[in-house]
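The sequence and the structure are shown first.

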Amino acid sequence: MIRVKNLSKSFNNKTIIKNISCQFERGKTSLIIGQTGSGKTVFLKCLLGLHDYEKGEILFDGVNFKTISEYEKMKLKSSIGTVFQGSALFDSMTIEENVMFPLKMFNNLPFDEMLDRVNFVLKRVELENSNKKMPSEASGGMQKRVAIARAIVNKPNYLFCDEPNSGLDPKTAIIIDNLIKEITEELNITTIINSHDMNSVMEIGEKIIFLKNGKLKWNGSNKEIFSTENKDVLDFVYSSNLYKKVRKTYLNQ
Amino acid sequence: MKFLYNIGLYFLMLKRMLRKPTKWRVMKELILKDTNDTVINSLGIISFVSFFIGGVITIQLALSTTGSFYPDYLVGYATRETIILEFAPTIISIIMAGKVGSFITSSIGSMRVTEQIDALEVMGINSINYLVFPKIIALMLYPFLISISMFLGILGGMAACVYGGYSTMSAFIDGIQTDFIPFHMTYAFIKTFIFAFILATVPSFHGYYMKGGALEVGKASTKSFIWTCVTIIIFNFLITQMLLG
């Protein structure tokens, strides 16, 4: 579980994240949603330790990231898997080498054992015969799946995904969403997804956090988001006619 | 102010590079890859440039030292001194700033743009150690490249001199052997080691701390080339003053 207490972050005296408190539970898929510029990415980067923050604390299963030693930080980071918006695959390595990378860095396993693990996770993301391909030879959806495979190969406790289905067609986006949800349940990990894709919100948002102008405006589940009367959420989630109709149908049922 | 800030940031980068070293099993592969990218892949261009510039230096020296007033061996002597003291260590390093420096900046800069450096950081890997340290170790083989440049420069000079009819081979070889000061080789290789360190770290700094997108990668490469040249030229002056002055 990840608990965030009164988190604030500024850039050049401009406060981007304003006193956010929330928690993300193990075995559940949590979504951070909000408009562009609402502070989602900054919030996620604070959680990942890529941005230093001025106020508040982030506790990973009770461990405060800021107060632990460098060695403990490194250990904690090795238990975090991350899927970046642009996949962030190492373009000089093959898909197999990309997925094997965290194993090489944090384990002393023999090569054959590492390869077995790589093949297992590649099979899990349905990329069995792509070991020797370069990332540039893979499609956007494949790259995302490789990024997921790399993120889970080291059996992480936490999985962070920054807009995992951006730039993907709706069908592939749903496949990626479902894959992340299934992996979260299988490995019983804490998963946090940064998204503004409403399909993801409806499909896999077991816990949703809505940010606006750096403030937490609403939190709940994908069931509760249909019935909420929060104006900010309604403005954002139901801005399209299609979703207005979806909500109306849901409420009528 | 920004200039001083960047100098401070450069030294902080070097300090951070020494913390949390990458596993030897991985580092070994990185060093071999960077040796191939920076040193081995530069052999062709360095050999080509050295041979022909050596020839041009000799022709120009021969043309400006004609007449009975000058001894026959002077062309060989002057070619050797020019190539060993200045051409091979300094001019080749400036060429390398363009070839290897731009490559280092653009490859690290592209990794920054595509969040690959962020990916390394969130995995708990010291990205500076992972990216910069193997390049420094790889470029410690740079003196090997400079030795080849010295040899081919003098060989090119000899070929141009003999086949151009400016002097005889025995006079040129006499010149090469006349008043040879072994410390000049030590001086040249001390310079080369320092330039190798500059060639690995200054372009890495510009790539690592670049901000923006693909266009900025190009701008960072240009900036890195300028600053690598400036640093090499300043250090060339300081080392020469300290060791030969």
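In this predicted model, the lining of the largest cavity divides into nine nonpolar, four polar and two charged residues. Of the 15 residues that line this cavity, A:Ile80, A:Gly81, A:Pro102, A:Arg150 and B:Met123 lie nearest its centre. The space inside the largest cavity comes to about 140 Å³. Strand 6 (80-83) of chain A makes the greatest contribution to its lining, with three residues. At least two residues each are supplied by strand 6, helix 3 (95-106) and helix 5 (140-152) of chain A, and by helix 5 of chain B.

The count of cavities of 30 Å³ or more is two. The second largest cavity holds about 40 Å³ of space, and its lining consists of A:Leu44, A:Lys45, A:Leu48, A:Thr82, A:Val83, A:Phe84, A:Phe160, A:Cys161 and A:Asp162. Helix 1, strand 6 and strand 7 (158-162) of chain A are the elements that give two or more residues to this lining. By class, the lining of the second largest cavity has six nonpolar residues, one polar residue and two charged residues.

Open space is considered next. The largest pocket contains about 1700 Å³ of space. Its lining is formed by 43 residues, among which A:Leu50, B:Arg16, B:Arg112, B:Tyr208 and B:Tyr209 lie nearest the centre. The largest share, eight residues, comes from helix 1 of chain B.

How are nonpolar side chains arranged in the cores? As a general matter, nonpolar side chains in soluble globular proteins tend to be buried together. The largest nonpolar core in this model has 60 residues, and those touching the most other members are A:Phe101, B:Ile92, B:Met96, B:Leu120, B:Tyr130, B:Leu131 and B:Tyr142. Helix 4 (residues 74-113) of chain B provides the largest share of this core, 13 residues. Leaving aside residues up to four places away in sequence, B:Leu131 touches B:Ile108, B:Met111, B:Ile117, B:Leu120 and B:Tyr208. B:Tyr208 is also one of the residues nearest the centre of the largest pocket. A second, separate core has 48 residues, including A:Leu89, A:Ile183, A:Met198 and A:Ile208.

A:Ile208 belongs to strand 9 of chain A and stands opposite A:Leu31. Strand 9 (residues 207-212) is mostly covered, with five of its six residues buried. Strand 3 (residues 29-34) of chain A runs parallel to strand 9 of chain A, and five bridges join the two. Strand 9 of chain A also pairs with strand 10 (residues 215-220) of chain A, here in the antiparallel sense and over five bridges. Within this pairing, A:Ile209 stands opposite A:Asn219. Strands 9 and 10 of chain A form a hairpin with two residues between the strands, in which A:Asn213 takes a positive phi near 50°.

Definitions and conventions
Residues numbered from 1 in each chain as written. Chains lettered and ligands numbered in written order. Predicted model: local features only at pLDDT ≥ 70, side-chain atom pairs only at ≥ 80, totals over all residues. Heavy atoms only, no water. Core = buried A, V, L, I, M, F, W, Y, C linked by side-chain atoms within 4.5 Å. Buried < 20%, exposed > 50% of the residue type's maximum accessible area, 1.4 Å probe, protein only. Helix = DSSP H or I, 4+ residues; strand = E, 2+ residues; numbered from the N terminus. Contact = heavy atoms within 4.5 Å. 1 Å grid on protein atoms, 1.4 Å probe; cavity = no way out; pocket = protein on both sides within 12 Å on 5 of 7 lines; lining within 4 Å. Points joined across faces, edges and corners; volume = space filled by probe spheres on them. Pairing = 2+ DSSP bridges. Nonpolar A, V, L, I, M, F, W, Y, C, P; charged D, E, K, R; others polar.
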